[in-house]
Amino acid sequence: MSKRKGVSLDEKRARMLQIFYEKKEFFTLKELEKVAPKEKGIVVQSVKDVLQALVDDGLVRTEKIGTSVYFWTFPGENITAIEQRIAEASKKIVEAEFKLQKLKDICVKEKVGKENTEERQTLLQELEELKAEEDQLTKQIAKFSDVDPVVVAQLAEKAQKHKDATNLWTDNIFAIQSWCKNKFDISKECLNKQFHIPDDLDYIE
């Protein structure tokens with residue numbers, strides 16, 4: 001006879017949020033310890049930890065009124081918190097991809113005509129760590145699909161707009177570099193150094 005599989009933390013978080021979204025009420029911890037096991041199958045021993053995790057992530061709000069502590073959240077109220085976390089995760093992914101590409105280039109150069117050096121092993125290890133970090137961040141973003149798919153879709157559209165805007169500015173910088181070279185015979189390297197423009201500046205895919 002197979003053992004019954006327990007509910008994951010992410011699933012517990014999603015179910016707890018459903019209580020707030022469906023009932024649209026304020027709750028005390030004791031009230032949630034009664035409602036969550038009965039309606040969402042969250043064991044009473046884990047209600048407090050799941051609730052605190054949601055509060056820490058800014059997905060549930062809390063306030064002490066008199067002698068009681070109340071918890072609440074409503075559909076759409078978490079857009080800002082989710083948007084900020086997705087933006088931060090997306091930024092880290094972009095930074096990791098830039099560093100990842102640079103390390104790949106270095107690894108290729110190290111491999112040509114050389115033995116398996118200690119430096120190359122260090123770079124390969126860092127490469128694997130960056131891949132793992134990117135995978136983890138991607139999973140964090142995907143985790144929000146259980147909260148509100150419509151909101152996540154809207155945020156993805158905003159993220160694309162931000163990416164397009166970033167690429168537009170990158171295009172403008174390239175145009176200025178070209179114009180300065182043709183007009184004043186200023187090299188791109190000199191211009192980059194003067195205005196602190198990274199030499200590896202490129203479009204975001």
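Predicted model: local features only at pLDDT ≥ 70, side-chain atom pairs only at ≥ 80, totals over all residues.
Seven helices and two strands make up the secondary structure of this chain. Starting at the N terminus, the order of elements is α-α-α-β-β-α-α-α-α.

**Whole chain**
- The chain has 205 residues, and 28% of them count as buried.
- If you take the contacts between residues at least 6 apart in sequence, 57% of them link residues at least 24 apart.

**α1 against α2**
- Helix α1 covers residues 9-23 and helix α2 covers residues 29-40.
- Their axes come within 10 Å and cross at roughly 100°.
- Angles of 65 to 115 degrees count as roughly perpendicular, so that's the label α1 and α2 get.
- On the α1 side, the contact uses Arg15, Met16, Gln18, Ile19, Phe20, Glu22 and Lys23.
- On the α2 side, you'll find Leu32, Val35, Ala36, Glu39 and Lys40.
- Sorted by class, this α1-α2 contact has six nonpolar residues, one polar residue and five charged ones.

**α1 against α3**
- Helix α3 spans residues 44-56, and its axis comes within 10 Å of the α1 axis.
- The crossing angle here is roughly 80°, so α1 and α3 are also roughly perpendicular to each other.
- From α1, the residues involved are Leu9, Lys12, Arg13, Met16, Leu17 and Phe20.
- They meet Ser46, Val47, Val50, Leu51, Ala53 and Leu54 of α3.
- The α1-α3 contact splits into nine nonpolar, one polar and two charged residues.

**Threonine 73**
- Threonine 73 sits in the loop that runs between β2 (68-72) and α4 (79-111).
- Its relative accessible area is 0%, and buried means under 20%, so threonine 73 counts as buried.
- The side chain of threonine 73 reaches the backbone oxygen of leucine 59, at 3.1 Å.

Methods: Residues numbered from 1 in each chain as written. Heavy atoms only, no water. Helix = DSSP H or I, 4+ residues; strand = E, 2+ residues; numbered from the N terminus. Buried < 20%, exposed > 50% of the residue type's maximum accessible area, 1.4 Å probe, protein only. Contact = heavy atoms within 4.5 Å. Axes fitted to C-alpha atoms, helices over the stretch in contact; angles between N-to-C directions. Parallel < 35°, antiparallel > 145°, perpendicular 65-115°, else oblique. Nonpolar A, V, L, I, M, F, W, Y, C, P; charged D, E, K, R; others polar. Polar contact = N/O pair within 3.5 Å; in protein donor to acceptor, adjacent residues only side chain to side chain.
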